[in-house]
Amino acid sequence: METKYLTTADEDIRTAADIIRRGGLVAFPTETVYGLGGNALNASASKAIYEAKGRPSDNPLIVHIAHAEEAGSLTDAFFGSAKTLARAIWPGPMTLVLPKLGCVPYETTGGLDTVAIRCPANEAARRLIEYSGVPIAAPSANSSGRPSPTVWQHVRDDLDGRIDAVIMGESCIGGIESTIVDMTGELPMILRPGLISPERVSEITGLPCGYDDALSDPSLAPMAPGMKYKHYAPKADMILYAGKPEAVRAAIEKDAEKLSAEGKKVAVLIYEDARTAAQRLFADLRCADREGAEIILASAFPEDTAINYSVMNRMLKSAGYNIKEV
Ligand code: TXA
Ligand code: MG
């Protein structure tokens with residue numbers, strides 16, 4: 001199929017919305033990463049998303065809405081703390097897991113009786129959902145296993161010819177995927193860390209909020225099925241260096257020199273802070289691949305704040321948990 005490249009001009013977004021309504025797939029920008037969208041209420045559109053990405057079918061999709069109130073058409077549990085959280089943070093980088101209504105097909109939820117709902121902040125994304133007139137199921141718009149796309153060119157690299165259209169919107173300001181908060185239990189629980197911290201969730205709801213234990217214990221099954229899969233993997237081997245910033249920099253420089261002298265093609269990723277790392281990590285991993293790097297040496301962060309922890313969650317997966325203390 002020939003993939004159409006559309007702008008964020010109103011007539012182009014209307015063309016994209018038509019494609020969604022007819023059961024097709026459109027990649028679009030959000031404030032976190034680019035999403036690959038299809039009509040969330042159409043089982044065959046959801047199946048097509050899995051096919052285009054090469055994604056395992058037990059890994060549920062996030063359903064995107066343009067306005068918080070639309071959550072009420074997907075779940076009958078949009079009240080109390082869930083509604084309070086949504087009101088405080090949406091539109092924004094947070095996804096809520098709630099029991100699903102019958103209109104949401106199991107093809108969209110990977111067979112689960114719950115649905116993950118998110119109202120993105122990106123203006124083009126919101127117009128797309130609004131003009132489509134349906135909620136839009138969208139995983140990150142990468143081929144399964146690859147780093148998530150943060151600019152439209154990443155989507156083209158992975159999915160050109162496999163999807164109907166790409167909206168060439170702005171690059172993603174967040175850079176890592178939304179915080180997923182499970183709201184089906186007595187207390188909110190974070191299933192995937194992101195820019196919205198557990199402290200913030202606690203502050204808004206007045207309830208204690210922690211992380212799914214499986215995030216720190218690989219022997220447990222994560223409650224977000226997608227968290228068990230190999231993710232964000234660059235083609236190169238990757239090593240994380242943990243320790244004091246000066247020591248890390250020195251160790252990376254020394255090892256990079258040694259490896260280069262051995263004829264290895266080395267990429268170095270040193271970040272000043274986790275916010276910058278969040279914005280750049282996925283693009284830098286893709287860049288290292290494009291340049292044919294065989295080994296990536298990257299600085300790690302102490303996991304002492306929510307943002308550091310969220311970035312390390314991605315970096316550890318990219319590096320296959322290969323971490324060196326210096
Ligand atoms: O920022 C984001 O959330 C981006 C943009 C496009 O919105 N989307 C995204 O989707 O990261 P994806 O498919 O790459 O990740 C979705 C995650 C997976 O780990 C999946 O298992 C989890 O959400 N998930 C979806 N529905 C769920 C549910 N009902 N219960 C638990 N986890 C769920
Ligand atoms: Mg993804």
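Predicted model: local features only at pLDDT ≥ 70, side-chain atom pairs only at ≥ 80, totals over all residues.

Modeller: Let's start with H3 and H7. From H3, Ser81, Thr84, Leu85, Ala88 and Ile89 make contact with Arg200, Val201, Ile204 and Thr205 of H7. Sorted by class, that contact has five nonpolar, three polar and one charged residues.

Colleague: At what angle do the axes of H3 and H7 cross?

Modeller: They cross at roughly 115 degrees, and the axes come within 9 Å. That puts H3 roughly perpendicular to H7. The crossing is right-handed.

Colleague: Stay on H7. Which residues are buried there?

Modeller: H7 covers residues 198-205, and Pro198, Val201 and Thr205 are buried. Looking down the helix axis, the buried residues fall within an arc of 60 degrees, so they line one face.

Colleague: And what does the face turned away from the buried side carry?

Modeller: Glu199 and Glu203, both exposed.

Colleague: What follows H7?

Modeller: Gly206, with a positive phi near 75 degrees.

Colleague: Now the loop between E10 and H7. Which residue can you tell me about there?

Modeller: Ser197 lies in that loop. Its relative accessible area is 15%, so Ser197 is buried; the cut-off for buried is under 20%.

Colleague: What is Ser197 in contact with, leaving aside neighbours within four places in sequence?

Modeller: Ile190 and Ala306.

Colleague: Change of topic. How do H1 and H5 pack?

Modeller: H1 is residues 10-21 and H5 is residues 123-132. Their axes are 8 Å apart, at an angle of about 50 degrees. H1 and H5 are therefore oblique to each other. This crossing is right-handed.

Colleague: Which residues meet there?

Modeller: On the H1 side, Asp10, Ile13, Arg14, Ala16, Ala17, Ile20 and Arg21. On the H5 side, Ala124, Arg127, Leu128, Tyr131 and Ser132. By class, the contact of H1 with H5 has seven nonpolar, one polar and four charged residues.

Colleague: Next, Met315. Where is it found, and is it buried or exposed?

Modeller: Met315 is in helix H10. Its relative accessibility is 0%, so Met315 counts as buried.

Colleague: What does Met315 touch, not counting residues up to four places away in sequence?

Modeller: Met238, Leu240, Tyr271, Leu281, Ala298, Ser299 and Phe301.

Colleague: How many residues apart along the chain are Met315 and Pro91?

Modeller: They are 224 residues apart, and 26 Å separates their C-alpha atoms.

Colleague: Where is Pro91 found, and is the peptide bond from Trp90 cis or trans?

Modeller: Pro91 is in the loop between H3 and strand E5 (94-99). The bond from Trp90 to Pro91 is cis, with omega near -5 degrees.

Colleague: Last one, Tyr321. What is its phi?

Modeller: Positive, about 65 degrees, although Tyr321 is not a glycine.

Colleague: Where does Tyr321 lie, and is it buried or exposed?

Modeller: Tyr321 lies in the loop between H10 and strand E15 (323-325). Tyr321 has a relative accessible area of 53%, so it is exposed; that class needs over 50%.

Methods. Residues numbered from 1 in each chain as written. Chains lettered and ligands numbered in written order. Heavy atoms only, no water. Buried < 20%, exposed > 50% of the residue type's maximum accessible area, 1.4 Å probe, protein only. Helix = DSSP H or I, 4+ residues; strand = E, 2+ residues; numbered from the N terminus. Arc of directions from axis to C-beta. Axes fitted to C-alpha atoms, helices over the stretch in contact; angles between N-to-C directions. Parallel < 35°, antiparallel > 145°, perpendicular 65-115°, else oblique. Left-handed = near helix turned anticlockwise from the far one by under 90°. Contact = heavy atoms within 4.5 Å. Nonpolar A, V, L, I, M, F, W, Y, C, P; charged D, E, K, R; others polar.
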